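Please examine the sequence and the structure together before reading on. The explanation below is meant to be followed with both in view.

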Amino acid sequence: MKSTDHEFAEVVLKGKGLSLSYGDYSVLRDVSFEAPRGRALVVMGGSGCGKSTLLKSLIGLLEPVSGTIAYGKDDFWSMGDQEREKFVRRFGILYQGGALWSSMSLLENVSLPLETYTDLSSSTIRSIARFKLSLVGLAGFEDFMPAELSGGMRKRGGLARAMALDPEILFFDEPSAGLDPISSRRLDDLILELKESLGITFLVVTHELPSIFTIADDSIFLDSESKTLLARGNPKQLRDSCDEPKVRKFLRRESENQQI
């Protein structure tokens, strides 16, 4: 991506001066970043660096100690609890295991957010759910139960459900976890396709280098030792020319002691 793309693209999500902790234990300090519309921002770093903690704060599960999270012009954590609960319906979230309800068919899983948060008729909900499944390559599998699907198919089913309410931004927590290389690449390709065709903004937490280099327009590197954001930029450029040796080593897998 050209550097000028960030200057003119609308910013969907902005974190400014974020500090996060669990009680007295500090996880991150003074983290700032932006996610432009229609781009994929990857959050990366070694184990324990705060990737998942940052995600929790972005989706309303952990209030920052200080700093702000803004979606457009809306200050997320200054909202009341009820307002914030309604606001999060504008997000789509894909968890590591897909998080499908095992007692529901694939179609029922994808229909659930629509049944819960809209007044649409049952026939309309089913039509939308079928369309979302077709977008992720699961047309014809509507009546399958999660246990009957492969790991990659469950991830794609979870993605279809995450898109049910037409979110402005999709959050992924280690989307390639537990997948074989072929399934992982298919999921990466699907993310790229959805980004291009639907203009969805993605924020992806991952340490999988093939996925990072495939899907990321931009990235931020979190560091467990300094508890700060150590670098930001296109991961290929960071790999080749970042001033921070720790970032280069992570992206090149040069150190056997590097925890990923």
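The model is predicted: local features need pLDDT of at least 70, side-chain atom pairs count only at pLDDT 80 or more, and totals for chains, interfaces and linings use all residues. Residues are numbered from 1 along each chain as its sequence is written, and side-chain values use heavy atoms, with hydrogens and water left out. Helices (H or I, at least four residues) and strands (E, at least two) are DSSP runs, numbered from the N terminus.

Strand β1 (residues 11-22) pairs with β2 over eight bridges in the antiparallel sense, and Gly15 stands opposite Phe33 in β2.

Strand β2 (residues 25-36) also contains Asp30. Asp30 is not a glycine, yet its phi is positive, about 55°. Asp30 counts as exposed because its relative accessibility is 57%. For relative accessible area, buried means under 20%, exposed over 50%, and partly exposed in between, with a 1.4 Å probe and protein chains only.

Axes here are lines fitted to C-alpha atoms, for helices over the stretch in contact, and angles run from 0 to 180 degrees between N-to-C directions. Helix α2 (residues 51-58) is mostly covered, with six of its eight residues buried. The buried residues in α2 are Lys51, Thr53, Leu54, Leu55, Ser57 and Leu58. Gly60 follows α2 and has a positive phi, near 95°.

Strand β9 has pairings of its own. How many residues of strand β9 (residues 218-223) are buried? Six of its six residues are buried, and the strand is mostly covered. In a regular strand the side chains alternate between the two faces of the sheet. In β9, Asp218, Ile220 and Leu222 point one way, Ser219, Phe221 and Asp223 point the other way, and all are buried.

Strand β3 (residues 40-45) pairs with β9 in the parallel sense over five bridges, and Val42 has Ser219 of β9 as its bridge partner. Strand β10 (residues 228-233) pairs with β9 in the antiparallel sense, also over five bridges. Within that pairing, Phe221 has Ala231 of β10 as its bridge partner, and Leu222 stands opposite Leu229 in β10.

β9 and β10 form a hairpin with four residues between them. Lys227 lies in the loop between the two strands and has a positive phi near 60°, although Lys227 is a residue other than glycine. Is Lys227 buried or exposed? Lys227 counts as buried because its relative accessibility is 16%.

The remaining paragraphs concern helix packing. Two packed helices are described by the angle between their axes and the distance between the axes. The axes of helix α4 (residues 106-117) and helix α6 (residues 151-162) come within 8 Å and cross at roughly 30°. α4 and α6 are therefore roughly parallel to each other; angles under 35 degrees count as roughly parallel, over 145 as roughly antiparallel, 65 to 115 as roughly perpendicular and the rest as oblique. The crossing of α4 and α6 is right-handed. A crossing is right-handed if the near helix is turned clockwise from the far one by less than a right angle, and left-handed if anticlockwise.

In α4, Leu106, Asn109, Val110 and Pro113 meet Gly157, Ala160 and Arg161 in α6, where contact means heavy atoms within 4.5 Å. The residues of this contact divide into four nonpolar, two polar and one charged. Ala, Val, Leu, Ile, Met, Phe, Trp, Tyr, Cys and Pro count as nonpolar, Asp, Glu, Lys and Arg as charged, and the others, Gly among them, as polar.

α6 also packs with helix α7 (residues 181-198), at an angle of about 20° and with the axes 10 Å apart. That angle makes α6 roughly parallel to α7, and α6 passes α7 in a right-handed crossing. Gly152, Lys155, Arg156 and Leu159 of α6 make the contact with Ser183, Leu187, Leu190 and Leu194 of α7. The residues of the contact of α6 with α7 divide into four nonpolar, two polar and two charged.

Key
Two strands pair if DSSP finds at least two bridges between them.
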